[in-house]
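Good morning, and thank you for making the time.

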Amino acid sequence: MKTIQELIKKYNKRKSVKVYELIIDRIKTEPVLWAAYTKSTHNFYIGIENGKACAYIFTDIAYYNQFCDFLNQQYIFTTSEEISYGDRLGFFQKLYMNGIEAVIIDNGQTYLWTDLCDICLLYTSPSPRDTR
């Protein structure tokens, strides 16, 4: 099975809707993801990308650590927040309630910018893995 990062690279080459949907499904179902959390605000690190407030999530702790090092050089101090599969829906709900409109997946690598609604809408749609 390809990693999410491999799927992002594939998507960025061809912009396939099928690959995009697979990435979003994997974001929903991956055992663990990490988010950047700021110590100073006690909230998620928020950036502006494409004119929208966005959060940064990572599919590998090493990707988060690289992002953290970059922010530290700018005197922005973050910690990683582990997002388990069971906490995932609540995490995306918190982002929405905090006015976050988009998510950057694996910033610092080949990354994917996605609208938060794309993730939340797919929570209401059956996963391809659902057999019911």
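Is D115 buried or exposed? D115 is buried, as its relative accessible area is 17%. Here buried means under 20% relative accessible area, exposed means over 50%, and partly exposed lies in between, with a 1.4 Å probe and protein chains only. The areas themselves come from the Shrake-Rupley method with a 1.4 Å probe, and for residues only the protein chains shown count as cover.

A word on conventions. This is a predicted model, in which local features need pLDDT of at least 70 and side-chain atom pairs count only at pLDDT 80 or more, while totals for chains, interfaces and linings use all residues. Residues are numbered from 1 along each chain as its sequence is written, and side-chain values use heavy atoms, with hydrogens and water left out.

Let me turn to the salt bridges. In general, side chains of opposite charge can pair when their charged atoms come close. The criterion for a salt bridge is a side-chain nitrogen of Lys or Arg within 4 Å of a carboxyl oxygen of Asp or Glu. The structure contains two of them.

In one, D115 pairs with K52, and the closest N and O atoms are 2.8 Å apart. Helices (H or I, at least four residues) and strands (E, at least two) are DSSP runs, numbered from the N terminus. K52 is partly exposed, at a relative accessible area of 23%.

In the other, R26 pairs with E30, with 3.2 Å between the closest N and O atoms. R26 is buried at 6% relative accessible area, and E30 also counts as buried, at 18%.

Next, the surface charge. K2, K9, K10, K13 and R14 form a patch of positive charge on the surface. Patches are built from residues with over 30% relative accessible area and no salt bridge; like charges are joined within 9 Å, and nonpolar side chains (Val, Leu, Ile, Met, Phe, Trp, Tyr) within 5 Å. Lys and Arg count as positive and Asp and Glu as negative, whereas His and the chain ends are not counted. Each charge is placed at NZ of Lys, CZ of Arg, CG of Asp or CD of Glu.

The largest nonpolar core has 24 residues, of which I23, I27, I57, F91, F92, L95 and V103 touch the most other members. Several elements supply at least two residues each, among them helix 1, strand 1 (32-38), helix 4 (88-97) and helix 5 (116-124). Helix 2 contributes the most, with five residues. Such a core is a set of buried Ala, Val, Leu, Ile, Met, Phe, Trp, Tyr and Cys residues joined through side-chain atoms within 4.5 Å.

Finally, the backbone. Most residues other than glycine have a negative phi. K15, in the loop between helix 1 and helix 2, has a positive phi of about 55° although it is not a glycine. H42 likewise has a positive phi of about 55°; H42 lies in the loop between strand 1 and strand 2 (43-44) and is exposed at 60% relative accessibility.
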